[in-house]
Every structure is written in C-alpha cells, then in structure tokens.
Amino acid sequence: DSSLVIIRHSPQLGGKETFLPPRLLQGLVPSSLLEAFHFWQGEDTIIRGEPVETESPWFQFRLEITPDPVDRNRAIVRRFPVQAPFTVIDSQPTRGPLQRDDSLSPSVAV
C-alpha cells in the first residue's frame, strides 16, 4: 500500500506541519468538520484545522485540537475567528505527527 506524506514549513507558526487526510481522522473528528476543514498536525502535536471554503457562512473559524495532557483519550477542541492566528508551534515537541507511544492512545485521539 503506497502513501504520501505532505509536510510544510510554516514561518507564521515557526515550525513544520504534516497534512492529516480525513481518512486518518474518521471516527475521531465529526464528519461535518472533516468535510469542511483541512487538518495539519504540528511538531507540537496540536492539530490545526483551516476552513476549506473561506466564504462558507457555516465555518468561519479555525480549529485547534490539543491532546489532553492528563487523559490521552481526550482532547481539547478550540475554535478561533478565521482572522485570528494559530498558536505558535512549540520548539520542544513531545511526539511527532501520528507517532504512537505503545502505552498511550494515538496523538490524534479526540
């Protein structure tokens, strides 16, 4: 099975992000959000969602999904106005994109 990893460097965020295709987030993120946003995971494990259609009246915001530091089976979901900047990538990542610690749930758990 072939795969392609898309990584981008974001000067605004100060780090690299890996694109997360919707198929990797199915069952973790509601399908209405998977259809309306492009998701990228930073080196700091925060998943950032950008609206697919900037003119949509329904999704005029950005998302950040942060793994709960206490319970790795949960996540903190925050939304911001589309004009607001994302949280800057922490220079000390805890794990890379979609890496798994054998004793913990995946970093994309929501």
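In this predicted model, Ile47 stands opposite Ile65, a residue of strand β5. The two residues are 18 residues apart in sequence, yet their C-alpha atoms are 5.0 Å apart in space. Their strands, β4 (residues 47-51) and β5 (residues 61-67), pair in the antiparallel sense over three bridges. In general, the strands of a sheet pair through backbone hydrogen bonds, either parallel or antiparallel.

The pair β4 and β5 belongs to an open sheet of six strands, in the order β1-β2-β3-β4-β5-β6, with antiparallel pairing. The edge strands, β1 and β6, each pair on one side only. From one strand to the next, the twist averages 30°. The table lists strands of this sheet with their residue ranges.

| Strand | Residues |
|---|---|
| β1 | residues 7-10 |
| β4 | residues 47-51 |
| β5 | residues 61-67 |
| β6 | residues 75-81 |

Is Ile65 buried or exposed? Ile65 counts as buried, because its relative accessibility is 5% and buried means under 20%. Both Ile65 and Ile47 belong to the largest nonpolar core, which has twelve residues, including Leu20, Leu25, Val29, Phe61 and Leu63. The elements that give two or more residues to this core are α2 (31-36), β3 (37-42) and β5. In soluble globular proteins, nonpolar side chains tend to be buried together.

Ala36 is another member of the core. Leaving aside its neighbours within four places in sequence, Ala36 is in contact with Glu50, Pro51, Val52 and Phe59.

How values were computed. Residues numbered from 1 in each chain as written. Predicted model: local features only at pLDDT ≥ 70, side-chain atom pairs only at ≥ 80, totals over all residues. Heavy atoms only, no water. Pairing = 2+ DSSP bridges. Helix = DSSP H or I, 4+ residues; strand = E, 2+ residues; numbered from the N terminus. Axes fitted to C-alpha atoms, helices over the stretch in contact; angles between N-to-C directions. Buried < 20%, exposed > 50% of the residue type's maximum accessible area, 1.4 Å probe, protein only. Core = buried A, V, L, I, M, F, W, Y, C linked by side-chain atoms within 4.5 Å. Contact = heavy atoms within 4.5 Å.
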